[in-house]
Amino acid sequence: MSDWDVVVVGAGIAGLTAARACAERGLRVVTHDALAPGGQLINLGALADWPGPPTTGPDLMGALLTDVLDRGVEIAYGEVTGVRTDPLTVDALTIDSAEGPVTARAVVVATGRRPGRLDLPDADAWEGRGLSHCATCDGPLHAGREVVVVGDDEWTAREALELAGIAKRVTLVSAAPGWSAFSAGRLDEAVEVRVGGVRALEGDGTLAAVRLDDGEVLDASGVFVYTHADPRTELLDGQPADAPVFSAGDVTGADRTLLTAAADGLRAGLAVVARLEEE
C-alpha cells in the first residue's frame with residue numbers, strides 16, 4: 001500500500017484546489033511546498049475580479065487552506081526533488097523530497113513558474129538593487145518614486161496597477177500586450193504603456209534608470225520584471241505518457257490568472273479521482 005493516494009507538489013491556488021477535489025472524495029492527500037502555502041496569492045492585495053464578496057489574496061488563501069485542512073489534507077514542507085515511476089508498473093510512484101521519499105498512487109505537479117527575467121547579460125546583478133518580481137512585496141520601497149514594469153500578460157498588468165497605488169509614476173514596457181479587457185481599461189487611467197523592450201539597466205550601485213530599445217532613458221528606482229517567467233516543469237519532464245502524473249496551474253503554461261489556476265486545479269483533481277477509480 002502506498003503512503004498516500006495523492007501527493008500534490010505546490011500549495012498555491014491550483015495545488016490546493018486539486019488537493020481539495022481529491023480529499024473530498026475520500027483520498028489520502030498530502031501537499032508539499034518548499035516554503036509555505038500560498039503561492040502568488042499571499043502577495044496580492046484586493047482581488048477585484050474574484051467572484052463573490054470583496055477579498056484579498058491572503059484572506060482567500062487562508063480560507064482555502066482552512067478548507068483543505070478540514071478535509072484531511074496534510075501539509076508537508078521541503079522541496080520535492082523528483083518523481084520516480086516504477087519501471088514495472090507506472091502506477092507506483094516514489095516522490096523524493098527534503099523530508100525523505102514517500103510513495104503515492106498519483107501526483108499533481110503545481111509548481112508554478114520561475115521569477116521573470118530580462119534578456120540582458122547583467123540582469124542578475126541587479127537583483128536586490130532595484131530589480132524585483134513582486135509589487136506587493138517590494139512596491140512600498142518605491143513609494144512616491146518612479147518605476148518600470150516589464151511584461152506582456154494579464155499578471156503583468158495587475159502588478160502594474162498594484163504599483164500605481166504606491167509609486168509616483170508607473171511605466172509598463174510591453175513587447176506584445178496581452179492583458180484582458182478588464183485590466184486594459186484600468187491601465188489607461190493609471191499606467192503609461194510603452195510598446196518595446198529594455199536595452200539596459202543603469203545606475204551606480206542601485207538602479208537609477210531603464211534604457212529602452214529606442215534609446216529613451218526612463219528614471220526608475222525599481223524595475224519589476226515578468227517576462228520569461230518559465231514554468232517549473234522539471235518534475236514533469238521525462239515522465240511516461242501513461243504515468244499518473246498530472247499538472248495544474250501556471251506550470252502548464254496557462255494564462256496567469258487566479259480563476260484559470262483554480263479551474264485548472266479542479267480539472268487536475270478530478271482527473272486524478274477518475275484515474276484512481278479506474279484501478
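User: Which residues does Val272 touch, not counting residues up to four places away in sequence?
Analyst: The model is predicted. Val272 is among the residues that touch the most other members of the largest nonpolar core, which has 50 residues. Leaving out residues up to four places away in sequence, the residues it touches are Val6, Cys22, Leu27, Ala106, Val108 and Phe246.

User: Which elements give two or more residues to this core?
Analyst: Nonpolar side chains tend to be buried together in soluble globular proteins. Here the contributors of two or more residues are the strands β1 (4-9), β6 (102-109), β8 (146-150) and β9 (169-174), along with the helices α1 (13-23), α2 (57-70), α4 (154-164) and α6 (258-278).

User: Where do the buried residues of α2 fall, seen down its axis?
Analyst: Gly57, Leu60, Met61, Leu64, Asp67 and Val68 are buried in α2. Seen down the axis, the buried residues fall within an arc of 125°, so they line one face of the helix. Asp59 and Asp70, on the other side, are exposed. The cover over the buried residues includes α1.

User: How far apart are the end C-alpha atoms of α2?
Analyst: α2 has 14 residues, and at 1.5 Å a residue it should span 20 Å. The distance in the model agrees with this: 20 Å.

User: Which are the edge strands of the open sheet of five strands?
Analyst: The strand order is β7-β14-β8-β9-β10, with parallel pairing. Inside this order, four bridges join β8 to β14, and Val147 stands opposite Gly222 in β14. An edge strand here pairs on one side only, and the two are β7 (131-132) and β10 (192-195).

Conventions. Residues are numbered from 1 along each chain as its sequence is written. This is a predicted model: local features need pLDDT of at least 70, side-chain atom pairs count only at pLDDT 80 or more; totals for chains, interfaces and linings use all residues. Side-chain values use heavy atoms; hydrogens and water are left out. A nonpolar core is a set of buried Ala, Val, Leu, Ile, Met, Phe, Trp, Tyr and Cys residues joined through side-chain atoms within 4.5 Å. Buried means under 20% relative accessible area, exposed over 50%, partly exposed in between (1.4 Å probe, protein chains only). Contact means heavy atoms within 4.5 Å. The expected span of a helix is 1.5 Å times one less than its number of residues. The arc is that of the directions from the helix axis to the C-beta atoms. Two strands pair if DSSP finds at least two bridges between them.
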